[in-house]
Amino acid sequence: MISENRFDRWGLDLNYATSPPNGTPLLLLHGVTRRWQTFLPVITDLVIDWQLFAPDFRGHGKSSNSEAGYLVTDYVLDMITFTKQFNHPFVIYGHSLGAMVAAALAATLPEQVRAVILEDPPLHTMGNRISESNLLDLFNGFLQFAGDQRNLDQIINDLSQQKLRNPQTGKEVILGDIRDEASLRFTASCLQELDPAVLPPILAGQWLEGYETESIFRRIRCPTLLIQADVSAGGMLIDADATQIESWSKAVSRIKLSKVGHLIHWSATQKLINAIMGFLKSVPQD
């Protein structure tokens, strides 16, 4: 059974889910605009042999909003404090923003992190390159619905009509054409709980300020599985960045999934499970 708990970080009230202690602690870190339930498709498999910890980041889900900011480094500091409250090391699996936070934790707290799984970390695709893709339209659209307390079906309907224009090709699609009904419903429910202040740093291309990518990956020593989605299908980690990460850290093993978009754990759940289970079994446990 999954239960939810609270953690206070200097007045910031963070919500997190935990599962029974069936094995080594596994920390799950979600992507921006989402919440811990994004991992529900994989939790059934993971909960058998692991004790899961899955927080909602500040401004997301049931965690409180913050007036101190929403840079990637702010989420990193929250999770450093969160992990230090426990007297045991973690394996960390992060998606998107969660992957970037997981990498920073592995670099900063090597004694606290046994291994990391990084699912399509966007790096500067969500930083100074955000205006080069339709992500700028996507997150501008999300800003309209963040904190929206209207009926969920109304939000889903409006969200599905959000126009996304690729500035490179001029091609325009609507969100309802590229996300299924279940995905739109979950996204809309997450946006209802999202602090609108989460999004301006992303839209301004300032989200990664202070996040020293090269330094972080050069300091990672623990086993690291990098799972890359397909950019042509909506993946965010470009080949050049993935190759750069491999050159910075010998600890990184890379898997690239063709024809799979950024939400690998939703759209290609079994492929993801197949990729991570062998890796997890290779990690020394208590």
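Two strands are taken as paired if DSSP finds at least two bridges between them. In this predicted model, strand S6 (residues 113-119) and strand S9 (residues 224-228) meet that condition, with four bridges in the parallel sense. One residue of this pairing can be named on each side. Glu119 has Ile227, in S9, as its bridge partner.

The S6 and S9 pair belongs to an open sheet of eight strands. The strand order is S1-S2-S4-S3-S5-S6-S9-S10, and the pairing is mixed. The edges are taken by strand S1 (3-9) and strand S10 (252-256). Each of these has a single partner strand, so one side of each lacks a neighbour in the sheet. From one strand to the next, the twist averages 20 degrees. Helix H10 (residues 239-248) lies across S9 and S10. The helix runs at about 155 degrees to S10.

The protein chain is divided into two parts, domain 1 (3-127 + 208-282) and domain 2 (130-203). Taken over C-alpha atoms, the centres of domain 1 and domain 2 are separated by 22 Å.

The contact between the domains was examined next. Contact involves 23 residues of domain 1 and 20 residues of domain 2. The size of an interface is often given as the accessible area lost when the parts come together. Here, domain 1 and domain 2 bury about 1700 Å² between them. Carbon and sulfur atoms account for 65% of this area. On the domain 1 side, Thr33, Arg35 and Tyr70 supply 34% of the area buried against domain 2.

Five residue pairs are in polar contact across the interface of domain 1 and domain 2, both residues of each pair being at pLDDT 80 or more. The salt-bridge count between the domains is one. Arg35 forms a salt bridge with Glu193. The closest N and O atoms of Arg35 and Glu193 are 3.1 Å apart.

Notes: Residues numbered from 1 in each chain as written. Predicted model: local features only at pLDDT ≥ 70, side-chain atom pairs only at ≥ 80, totals over all residues. Heavy atoms only, no water. Helix = DSSP H or I, 4+ residues; strand = E, 2+ residues; numbered from the N terminus. Axes fitted to C-alpha atoms, helices over the stretch in contact; angles between N-to-C directions. Contact = heavy atoms within 4.5 Å. Domains from an automatic or database assignment. Buried area = accessible area lost by both parts, 1.4 Å probe. Salt bridge = Lys/Arg side-chain N within 4 Å of Asp/Glu carboxyl O. Polar contact = N/O pair within 3.5 Å; in protein donor to acceptor, adjacent residues only side chain to side chain.
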